Amino acid sequence: MTKIYLVRHCEALGNLSRVFQGRTDLDITDLGEKQLEKLSERFKEIKLDKIYSSPLIRAYKTALAIRGNRDIEIEIYKDLSEIDGGIIEGKPFADTFEKDPVLKEIWLNHPEDFAPEGGEPMRVSYQRITNAFWDIVNQNKGKTVALATHGGIIRCLLCKLIYDDISKLITVPLFDNTAVGYIEIDDSNKIELKFANDYSHLPSDMLRSSSRPSLYTMREN
């Protein structure tokens with residue numbers, strides 16, 4: 001059995017200021033630091049063979065917290081990077097959507113068609129993370145690995161694994177900061193999602209105001 005932990009990065013400055021963070025390489029916040037302490041505690045007793053991380057600093061610091069003091073390799077994997085927002089990179093969502101209501105409509109109601117000028121279309125991100133996931137699985141048969149990555153990318157991956165239909169993307173909510181998902185893959189590549197968007201390691205005062213339990217929030221048993 002191959003075991004994969006999916007972990008969204010901790011709170012970063014772009015989350016706090018509500019900008020399209022994408023590939024903009026912003027550092028983490030003070031709250032993010034505290035979230036990582038709790039995440040590190042959660043993973044302390046989990047046996048891991050390897051950790052893969054997006055090259056962006058918010059994900060890499062999350063990977064370091066997952067590793068803790070253990071001697072576990074962290075491999076930078078560029079295809080775990082967040083979607084590239086092109087001309088809206090680093091810009092406030094409110095300003096962007098006020099200037100471009102069509103883009104707002106697509107982002108909110110048809111995210112599969114999101115394709116910002118100069119950036120990466122969501123459909124490309126969807127295929128990119130799918131390819132990266134199976135590459136990592138095939139390189140780590142029978143092992144347990146963690147992926148430190150991004151909300152949009154995890155959303156695309158789970159949409160692929162659950163529905164195999166990008167038009168269902170709107171039904172897959174984003175993970176919260178440092179939320180964890182866990183997948184098992186057997187020798188025939190059958191996938192079982194054991195839990196998703198589990199942020200039970202965080203006390204309520206470390207959750208951003210947007211964090212709300214939902215039917216999609218699946219706790220670790």
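This is a predicted model: local features need pLDDT of at least 70, side-chain atom pairs count only at pLDDT 80 or more; totals for chains, interfaces and linings use all residues.

Colleague: How are helix 6 and helix 7 set to each other: roughly parallel, roughly perpendicular or oblique?

Modeller: The angle is about 75 degrees. Angles from 65 to 115 degrees count as roughly perpendicular. Helix 6 and helix 7 are therefore roughly perpendicular.

Colleague: How many nonpolar residues does the contact of helix 6 with helix 7 have?

Modeller: Helix 6 contributes Met122, Ser125, Tyr126, Arg128, Ile129, Thr130 and Phe133. Helix 7 answers with Ile153, Cys156, Leu157, Cys159, Lys160 and Leu161. By class, 2 residues are polar, 2 are charged, and the nonpolar ones number 9.

Colleague: Take leucine 157. Is leucine 157 buried or exposed?

Modeller: Leucine 157 is in helix 7. Leaving aside residues up to four places away in sequence, leucine 157 touches Leu6, Ile129, Thr130 and Phe133. The relative accessible area of leucine 157 is 2%, and the cut-off for buried is under 20%. So leucine 157 is buried.

Colleague: How far apart in space are leucine 157 and asparagine 131?

Modeller: Along the sequence, 26 residues separate leucine 157 from asparagine 131. In space, C-alpha to C-alpha, the separation is 9.6 Å.

Colleague: Now helix 2 and helix 3. Are they parallel, perpendicular or oblique to each other?

Modeller: Helix 2 (residues 30-43) and helix 3 (residues 57-67) have axes 7 Å apart, at an angle of about 40 degrees. Roughly parallel needs an angle under 35 degrees, and roughly perpendicular starts at 65. The crossing of helix 2 and helix 3 is right-handed. Their setting is therefore oblique.

Colleague: Which residues in helix 3 meet helix 2?

Modeller: On the helix 2 side are Leu36, Leu39, Ser40 and Phe43. The contact residues divide into 5 nonpolar, 2 polar and 1 charged. On the helix 3 side are Lys61, Thr62, Ala65 and Ile66.

Colleague: Is lysine 44 buried or exposed?

Modeller: Lysine 44 sits in the loop between helix 2 and strand 2 (50-53). The C-alpha of lysine 44 is 25 Å from that of isoleucine 191, 147 residues apart along the chain. The relative accessible area of lysine 44 is 59%, and exposed means over 50%. So lysine 44 is exposed.

Colleague: Which value is phi near in asparagine 189?

Modeller: Asparagine 189 is in the loop between strand 5 and strand 6 (191-198). At 34% relative accessibility, asparagine 189 is partly exposed. Phi is positive there, in a residue other than glycine, and is near 70 degrees.

Colleague: And aspartate 164, what is phi near there?

Modeller: Aspartate 164 is in the loop between helix 7 and strand 5 (180-185). Phi of aspartate 164 is again positive in a residue other than glycine, near 55 degrees.

Colleague: Step back to the whole protein chain. What is its radius of gyration?

Modeller: The protein chain has 7 helices and 6 strands. The globule rule gives 17 Å for 221 residues, and the chain comes close to that, so it is as compact as a globular protein of that length. The radius of gyration is 16 Å.

Colleague: Among contacts between residues at least 6 apart in sequence, what share joins residues at least 24 apart?

Modeller: The C-alpha trace spans about 50 × 40 × 30 Å along its principal axes. Buried residues make up 50% of the 221. Of the contacts you ask about, the share is 67%.

Technical notes. Residues are numbered from 1 along each chain as its sequence is written. Side-chain values use heavy atoms; hydrogens and water are left out. Axes are lines fitted to C-alpha atoms, for helices over the stretch in contact, and angles run from 0 to 180 degrees between N-to-C directions. Helices (H or I, at least four residues) and strands (E, at least two) are DSSP runs, numbered from the N terminus. Angles under 35 degrees count as roughly parallel, over 145 as roughly antiparallel, 65 to 115 as roughly perpendicular and the rest as oblique. A crossing is left-handed if the near helix is turned anticlockwise from the far one by less than a right angle, and right-handed if clockwise. Contact means heavy atoms within 4.5 Å. Ala, Val, Leu, Ile, Met, Phe, Trp, Tyr, Cys and Pro count as nonpolar, Asp, Glu, Lys and Arg as charged, and the others, Gly among them, as polar. The radius of gyration is taken over C-alpha atoms; the globule rule is 2.2 Å times the number of residues to the power 0.38. Buried means under 20% relative accessible area, exposed over 50%, partly exposed in between (1.4 Å probe, protein chains only).
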